[in-house]
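Hello,

Here is the structure I promised to pass on to you. Could you open it alongside this message while you read?

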Amino acid sequence: MERIDLDGMLATTTALRAQLGEVRLPLATDAVDDARRTADHVRRQLDDYVIPRLRDIDAPVLAVVGGSTGAGKSTLVNSVVGAEVTVPGVLRPTTRSPVLIHHPTAARWFEDDRVLGSLARARGTPGQPVEGAHQLQLVASDAVPEDLALLDAPDIDSVLDRNREIAQHLLDAADLWVFVTTAARYADAVPWDFLRTASRRGVGIGLVLNRVPPGAGDEIAPHLASMLADEGLGDAPLFVLEEQALADGRLPTAAVAPMRAWLDDLAADREARADLVRQSLTGAVADVSNRTEEVASVVEQQQAVADQLSGAAADAFADAHQRLADDVRDGTVMRGEVLARWQDLVGTGELLRELQSRIGRLRDRIAASVTGRPRNVEKFQGAVESGVETLLRERVAEATDEVVLRWRATSAGTALLDDAGDELRRPSTDLGERASRLVRDWQGGLLDLLREEGAGKRTTAKILSYGLNGAALVLMVGVFAQTGGLTGAEVAIAGGSTAVGSTLLEALLGDQAVRRLTERARADLDRRTGELLAGEAERFTSLVDGHRPDTTTAGTLRELAGELRRALGTDAGRRRR
Amino acid sequence: MSRRDERRSTRADRELRQRLDHLTAVSELAAAGPGRLPADLADDVAATVERAQTRLGRGADRTVVALAGATGSGKSSLFNALVGDDISPVGVRRPTTSTARAAVFDADGALGDGTADLLEWLQVPQRHVVPAERAPDLHGLVLLDLPDHDSVEADHRAEVDRLVEVVDAFVWVVDPQKYADAALHEQYLRRFAGHAAVTIVVLNQVDLVPEHGRQGIVDDLARLLEADGLHRVRVVATSTMTGEGVDALRRELAARTAERRALVARLDADVDWLADQLAGRVSDRAPEPVGRGTRRDLTRAFADASGADAVADAVGAAHRRRAAQAVGWPPTRWLGRLRPDPLRRLGLDRPPPEPGTTTVGRTSRAAPSTVADAALGRALRDFVDDTAAGLPPAWQERVGEVANARRGDVADALDRQIGSARLPTEPAGWWRAVSGLQWLLAGIMAVGLVWLVVIGVVAWFGLPDLPAPEIGEVPWPSAMAIGGALAGLLVSVLARAIAGIGARRRTAAARRMLTDAVSSTADDLVADPVDAELAALAELRSSVRELR
Ligand SMILES: Nc1nc2c(ncn2[C@@H]2O[C@H](COP(=O)(O)OP(=O)(O)OP(=O)(O)O)[C@@H](O)[C@H]2O)c(=O)[nH]1
Ligand SMILES: Nc1nc2c(ncn2[C@@H]2O[C@H](COP(=O)(O)OP(=O)(O)O)[C@@H](O)[C@H]2O)c(=O)[nH]1
Ligand SMILES: [Mg+2]
Ligand SMILES: [Mg+2]
């Protein structure tokens, strides 16, 4: 025992316990329920067994009598103790509160919340156990050895979930399992799940095969023994008890004598006890270490899922952004309505008037205000605005659909969407408004660009002060009409008529300046749409960020688990030598 | 079976068949439209229909009862006790029974074809015919001894899971040790809570409980069954060791077999269970057909996106332009030709194809722009939002799929509709007369001008003055030249104004025409399929409601 660095391990497990308290698994990934249970389980195992055991390595051995309902656990405990310390019954399940029977002098080990701290305590006297569900009942009896306490546990397989939970809990806290099964039960699936856990954990185990029909023992006991051997539990002592008439609700003393002797021997042999405790403790610590790794990998998995979810959102909107940029660049925006309006604008000579003469412009305005019909300039600007807005909205809607689709394919994503409600499944409600404001702002920004470009050059400034509007229009068309999406005829029409304007612009500013201006205008539009799309993506990514596990947790968990494993490894190595 | 029993049973039978018809309708509707129901539920429905039909077609006069329960509860012992012979091996090793075994109770002492069929279908190869004299009261019963469901043998469990789906009635055998096991209550009894009418629970091995404790256990078991949702289930306490209760169980089985209600009751319970599952999947309100307003909105949006408005405007502009050329002032008519014909620009100046011809080339209007395509996308989204509002999410998704099923064809179809529309482009009747008048006026002006020129030339050469008659103060040639010009201009102004009215009228007519054309596309490709889907969903819903 002294070979394990108890203090070091205590420090590590305490740190681990604290770290496990910090574990958050906010995403509803497939494995999350299991992982949360595992995390709880490890926390409890540390609280209820490992840490107290490391603190008081010499405390009495705790032997938990567990098993199926109706297997006769309470009857057996009473029979072994030789007194009515726990209540057996014909109704299934009977025992709901665990009963811990200890020697009167060992009371101090169990009265505080050192072991099984999560259960409330109640004290009963032999023959008069206290009533009340789901608390730990303490009974002092000098029929049990000083260095061994017996615990009658609730069942592991009845309809009462709580019983199963407590039973699991108690078995986790045991130095020794006394596992009770019966002739009718020994091949049930549920107990074997527990036995496999026990085998894995390396806890000391004794089996009781109870209620064997007279004469059937010869057939059943070897069968059970071979099943035990298959699970690596071949060394566990097996006690076979026939179904027999009970006297005073207890089995005859002779029937339980072998079992009693086994327990007494264990209690009397300091060395054997220490071995048992060490075996159980190292098994528990190894189990804690393994399960901690499991939890850590789920934490990592959650981080990966979170990355994947926000990646899906970022990708979808980045795609949308790219497509928008392409749409703008290849001139498809210019087609249809926008082109028609541009042709009207050019065909009526309104553009040239916009560009060149104040008076012409004035006349157009007066005509427009008299007839109440919008000028072609406004129609054109409107067409651009609604075209870009429509594109923008559709791309956002498509990206949103895409994210929803990809999120729906994962359970974590589905849960996030369901929690967020209907709103998230659609683009934000004010999108249309923001999109058209975006286009108007951009159109306004073109004027500033031109003004900047013209500043300083006296003549250009003068001319531009006349035709700023018109120049902005020409620039706009330059942004959208870079061949690509236009058919030959369209290029001729759009290009031809822009040519008039752009030659004029080029003449004013120089063709390099015009090219630069076009680039800047396009970049400006790109930036604005990028911002808007980022805002939309943010609705998804911020949701994920709110559900992202802490990044350092997994690493710390793995580190502590590794430390525990190393501590055990050295011990195991020394023992072998 | 008494006369009254028989009448009641045929009614129950008829009702079940009706419900199965509705369930069949549900199944077919679900199969025809993936997404109308969750796939696993649709599978369940189809499987249940199939199972029910098959079962009703095979030995419908037999009642199949399964002895089911945990290992060691005494199923095989009870089976042997009821048969009156040690057919099924009973052992102390757990688990003992690994495959199902049937005992056929028949007054003729023979396995009829119907029963053989039935057992074939149940996939129970181990069968025993119980001689008539041994159990005349159980005639018609097919008793199954099942393996356990709770041992480490997963195969046993699988066999139980298969058989509990197909038997007519259950006898759940429990014992004083295992009657409260989660494995039984959570996995089976709760799931078959709706099957109380075809469920008997046997508490076996009561000999192991002291006399005074038995009633307590029976009451506790009854309480647990109530908690599972199995109401008023018959609980029989038995012991195969002492034989107590076995006769009571036999009487219970005899009565149920004689009634012949179990088969129908079980299938009814299955349908009930499905009805519950289905109820949560259909909408509370019946899906309504696509509203007229919604159709109109879709047409409107499609017309916008496809540029129908631009075409209608072009029709007006073209009319105005052509009118200007037909009735404008002849000397300046050529000016108008400098501007492109708006319809030609759209590739729509060709005469539309004769009605009846099917091949319509694309207009030379450009392929739909991204903007137009995006607008179509939005129109469809809005349409789905409108029509699917209030439906369960899965149905909304389904409506969305149907609405977008021919998304790729919409742009083309719209273009073709516009291309084939017989747009009002023919010249107006009065143009010819006004044009004649214009030429006449131009002629007069020309004559006046020539006259003036001649007068001038004559005067220049100093020849004697030509006589220049006068009207009032103004000489004729001047009057003809100036008057002709003024009158021509006046007429052209008036004619243009009238052509403007005509252009507006034609624009409106073209718009109406195109709207009609677009609306037929919208109906064909989107609204009608969605309507059909909504009708199917409504039918699905009403079929589901008929199940209750
Ligand atoms: N005849 C006989 N009865 C027994 C034997 N062991 C247990 N019983 C009876 O079996 C029933 C269940 O016994 P309990 O000791 O309450 O069983 P338990 O394992 O504590 O059950 P829970 O508290 O429900 O988990 C009681 O009625 C006992 O009298 C036995 O060896 N022989
Ligand atoms: N005491 C008692 N034992 C029974 C009773 N019924 C069955 N057994 C025993 O319980 C064991 C299991 O019986 P079996 O019929 O094989 O159970 P199965 O697994 O449910 O088919 C056998 O050893 C039987 O002898 C009973 O009513 N009382
Ligand atoms: Mg007990
Ligand atoms: Mg059996």
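This is a predicted model: local features need pLDDT of at least 70, side-chain atom pairs count only at pLDDT 80 or more; totals for chains, interfaces and linings use all residues.

Residues are numbered from 1 along each chain as its sequence is written, chains are lettered from A and ligands numbered from 1 in the order in which they are written, and side-chain values use heavy atoms, with hydrogens and water left out.

Donors here are N, O and S atoms within 2.8 Å of the metal (3.2 Å for Na, K and Ca), and sites may look incomplete because water is not among the atoms. The magnesium ion (ligand 3) has Ser74(A) (OG) and Thr95(A) (OG1) as its protein donors, 2.0 Å away. The two come from distant parts of the chain, 21 residues apart: Ser74(A) is in helix H3 (residues 73-81) of chain A, and Thr95(A) is in the loop between H3 and strand E2 (99-102) of chain A. Helices (H or I, at least four residues) and strands (E, at least two) are DSSP runs, numbered from the N terminus. Ser74(A) is buried at 7% relative accessibility, and Thr95(A) is buried at 10%. For reference, buried means under 20% relative accessible area, exposed over 50%, and partly exposed in between (1.4 Å probe, protein chains only).

In chain B, the magnesium ion (ligand 4) has Ser76(B) (OG) and Thr97(B) (OG1) as protein donors, lying 2.0 Å from it. Ser76(B) sits in helix H3 (residues 75-83) of chain B and Thr97(B) in the loop between H3 and strand E2 (101-105) of chain B, so this pair joins parts that are 21 residues apart in sequence. Both Ser76(B) and Thr97(B) are buried.

**Aromatic pairs**

Rings of Phe, Tyr and Trp (its six-membered ring) pair if their centres lie within 6.5 Å; planes under 30 degrees apart are stacked, over 60 edge-to-face, and the rest tilted. That gives nine aromatic pairs over all chains. One of them is the tilted pair of Trp172(B) and Tyr188(B), at 5.6 Å centre to centre and 45° between the planes. Trp172(B) belongs to strand E5 (residues 169-174) of chain B and Tyr188(B) to helix H6 (residues 182-189) of chain B, so the pair ties together parts 16 residues apart in sequence. Trp172(B) is buried at 1% relative accessibility, and Tyr188(B) is buried with a relative accessible area of 1%. Trp430(B) and Trp431(B) make an edge-to-face pair, 6.5 Å centre to centre with 90° between the planes. Here Trp430(B) is partly exposed at 29%, whereas Trp431(B) is buried at 7%. Ring pairs also link Phe170(B), Trp172(B), Tyr188(B) and Phe192(B) into a cluster.

**Domains of chain B**

Domain bounds come from an automatic or database domain assignment. For chain B it gives domain 1 (61-259) and domain 2 (292-434 + 505-547). Taken over C-alpha atoms, the centres of domain 1 of chain B and domain 2 of chain B are 70 Å apart. Val434(B) is in helix H17 (residues 430-460) of chain B and is buried at 17% relative accessibility.

Best wishes
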